Structure formats: C-alpha cells, structure tokens
Amino acid sequence: MRKINEIFYSLQGEGYHTGTPAVFVRFSGCNLKCSFCDTQHEEGTLMTDDEIIAEVSKYPAATVILTGGEPSLWIDDALVDRLHEAGKYVCIETNGTRPLPASIDWVTCSPKQGARLAITRMDEVKVVYEGQDISIYERLSAEHFFLQPCSCYNTALTVDCVMRHPKWRLSLQTHKLIDIR
Ligand SMILES: C[S@@+](CC[C@H](N)C(=O)[O-])C[C@H]1O[C@@H](n2cnc3c(N)ncnc32)[C@H](O)[C@@H]1O
Ligand SMILES: Nc1nc2[nH]cc(C(=O)O)c2c(=O)[nH]1
Ligand code: SF4
Ligand SMILES: [Mg+2]
C-alpha cells in the first residue's frame with residue numbers, strides 16, 4: 001500500500017517536459033519542510049498498486065509523473081515495473097535526498113538548500129530561485145539545468161540570473177500562469 005495525496009491529469013507545467021500531457025501521482029508526506037513549499041501534501045489515502053495502475057490507466061497520456069510530497073519515500077522498483085508494464089514513461093520530481101529505483105525513465109532533481117543529496121543520476125536539475133548562489137549546483141551530473149522563480153514572485157530576478165549564467169534555462173510554473181492544475 002502507498003499513501004496517495006492525489007492523482008490528476010494535466011500538463012507538465014515545469015522544466016524540460018513543460019507542456020507535456022501527464023498523469024500526476026502525488027504521494028503524501030515529505031522528509032523536508034521547505035518554507036516556500038506550494039503543496040498541501042500531508043493528507044492521503046492508502047492505495048494498492050492495482051488501484052494506482054487502474055487510476056493512471058484512465059488517461060490517454062503515456063507520461064506519468066511521480067511527485068509529492070517526496071515520492072522517494074513511497075516508491076520502489078515494483079511500482080515502476082508495474083507502470084512500465086502498463087506502457088507508461090515514468091518521470092519523478094524529487095528533492096534528491098533518498099535513493100531511487102534505477103528503472104525510472106526521467107529524474108528531475110530539485111535540490112534544497114541544506115539538504116544532502118543521495119542520488120547521482122539526474123536528467124534535469126531544477127532549482128527554486130531564492131537569490132542563492134547557483135554555481136554549486138553546476139557540478140551535478142545532469143544534462144539540463146533549470147532555474148524556477150519562487151511562487152512566481154521573483155521572475156525578473158530569476159531571468160536576470162539565467163542571463164548571467166547561460167548554462168541555465170528558465171522554468172516557469174506555467175500551470176499557475178494558465179490556471180490549470
Ligand atoms: C512540490 S515539489 C514535490 C517534489 C519534491 N518534493 C521536490 O521538491 O522536488 C515539486 C516541485 O515544485 C517545486 N516547488 C515547490 N514549491 C515551490 C514554489 N513555491 N515555487 C516554485 N517551485 C516550487 C519544487 O522545488 C519541485 O521542483
Ligand atoms: N501542472 C503541474 N505541473 C507540475 N510539475 C511539477 C508539479 C509538482 O507539484 O510536482 C506540478 C503540478 O503540481 N502541476
Ligand atoms: S522537498 Fe518538495 S514537497 Fe518537500 S517541502 Fe520541499 S518542495 Fe515541498
Ligand atoms: Mg505543483
């Protein structure tokens with residue numbers, strides 16, 4: 001059984017796959033307490049893998065995005081295998097503080113200040129910008145680096161930082177801008 005906060009169908013609003021139709025599986029609870037966290041993730045319902053697969057299979061998109069809360073608290077190889085058997089492409093949004101199943105197709109790591117990373121494989125780094133020094137993240141072994149305004153309130157500062165550090169691209173929370181889930 002896994003504690004699920006919500007399962008919903010939307011477009012990926014952030015990062016490399018922005019605009020991609022995806023089924024979001026939001027797991028409950030987190031091991032961190034970011035002051036800026038924009039998600040009420042504590043509530044949830046225990047679901048079996050059969051129930052999770054049945055729910056995600058209701059939607060036409062191949063992409064499933066495991067998120068939370070912190071999904072790494074709840075997922076394992078067995079769930080990823082079941083999603084693959086259902087023909088899904090499995091992405092994860094993680095704070096990177098816990099090991100992940102190697103079979104995940106795409107890892108978005110969003111490192112948090114003061115939290116030690118426990119993963120080395122990541123496809124994209126996506127940092128919520130609060131004015132911090134971003135050069136420390138450039139040593140991470142990712143193909144893509146995204147800087148994301150915090151709660152859409154410091155977009156101009158984030159744009160300025162990206163233009164000064166062109167290894168990075170801007171990630172907007174487009175779902176909040178176009179008012180989708
Ligand atoms: C809610 S978190 C859940 C997944 C995971 N716990 C993590 O932090 O990556 C999903 C994404 O939203 C970002 N995020 C959370 N609160 C935000 C905020 N107020 N403004 C911008 N991005 C935010 C996180 O950094 C992460 O990239
Ligand atoms: N549309 C949409 N895109 C997202 N990308 C990451 C999200 C998250 O909360 O993990 C999220 C979300 O909550 N909604
Ligand atoms: S790690 Fe992610 S889910 Fe946890 S508090 Fe931070 S932003 Fe929210
Ligand atoms: Mg969100």
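Which strands does helix H2 (residues 77–85) lie across, and at about what angle does helix H2 run to S5? In this predicted model, helix H2 lies across strand S1 (2–11), strand S2 (21–27), S4 and S5, and its direction is at about 140 degrees to that of S5. These strands belong to an open sheet of nine strands with mixed pairing, and a ligand, ligand 3, sits in the largest pocket. The points below take the sheet, the helices, the ligand and the backbone in turn.

**The sheet**

- Read across the open sheet, the nine strands follow the order S3-S1-S2-S4-S5-S6-S7-S8-S9, and the edges are formed by strand S3 (45–47) and strand S9 (169–170), each of which pairs on one side only.
- Strands of a sheet pair through backbone hydrogen bonds, and the pairing may be either parallel or antiparallel.
- S1 and S3 are antiparallel and are joined by three bridges, with Ile-4 standing opposite Thr-45 in S3.
- S1 also pairs with S2 in the antiparallel sense, here over seven bridges, and Ser-10 has Ala-22 in S2 as its bridge partner.
- Strand S4 (residues 63–67) and strand S5 (residues 89–94) run parallel and are joined by four bridges, where Ile-65 has Cys-91 in S5 as its bridge partner.

**The helices against the sheet**

- Helix H3 (residues 155–164) lies across strand S7 (124–129), strand S8 (144–149) and S9, and it runs at about 155 degrees to S8.

**The ligand and its surroundings**

- Ligand 3, which sits in the largest pocket, is surrounded by Cys-30, Leu-32, Cys-34, Cys-37, His-41, Gly-69, Asn-95 and Lys-112.

**Backbone features to look at**

- Most residues other than glycine have a negative phi, and most peptide bonds are trans.
- The peptide bond from Gly-68 to Gly-69 is cis, with omega near 20 degrees; Gly-69 is placed in the loop between S4 and H2, and Gly-69 is also one of the residues that surround ligand 3.
- Cys-152, a residue other than glycine, has a positive phi near 65 degrees, and Cys-152 is found in the loop between S8 and H3.

Key:
Residues are numbered from 1 along each chain as its sequence is written. Chains are lettered from A and ligands numbered from 1 in the order in which they are written. This is a predicted model: local features need pLDDT of at least 70, side-chain atom pairs count only at pLDDT 80 or more; totals for chains, interfaces and linings use all residues. Side-chain values use heavy atoms; hydrogens and water are left out. Two strands pair if DSSP finds at least two bridges between them. Helices (H or I, at least four residues) and strands (E, at least two) are DSSP runs, numbered from the N terminus. Contact means heavy atoms within 4.5 Å. Axes are lines fitted to C-alpha atoms, for helices over the stretch in contact, and angles run from 0 to 180 degrees between N-to-C directions. A residue is near a molecule or strand if one of its heavy atoms lies within 4 Å of it. On a 1 Å grid over the protein atoms alone, a cavity is a set of points where a 1.4 Å probe fits but cannot get out, and a pocket is an open set with protein on both sides within 12 Å along at least five of seven lines; lining residues have an atom within 4 Å of a point. A molecule sits in a cavity or pocket if more than half of its atoms lie within 2 Å of its grid points.
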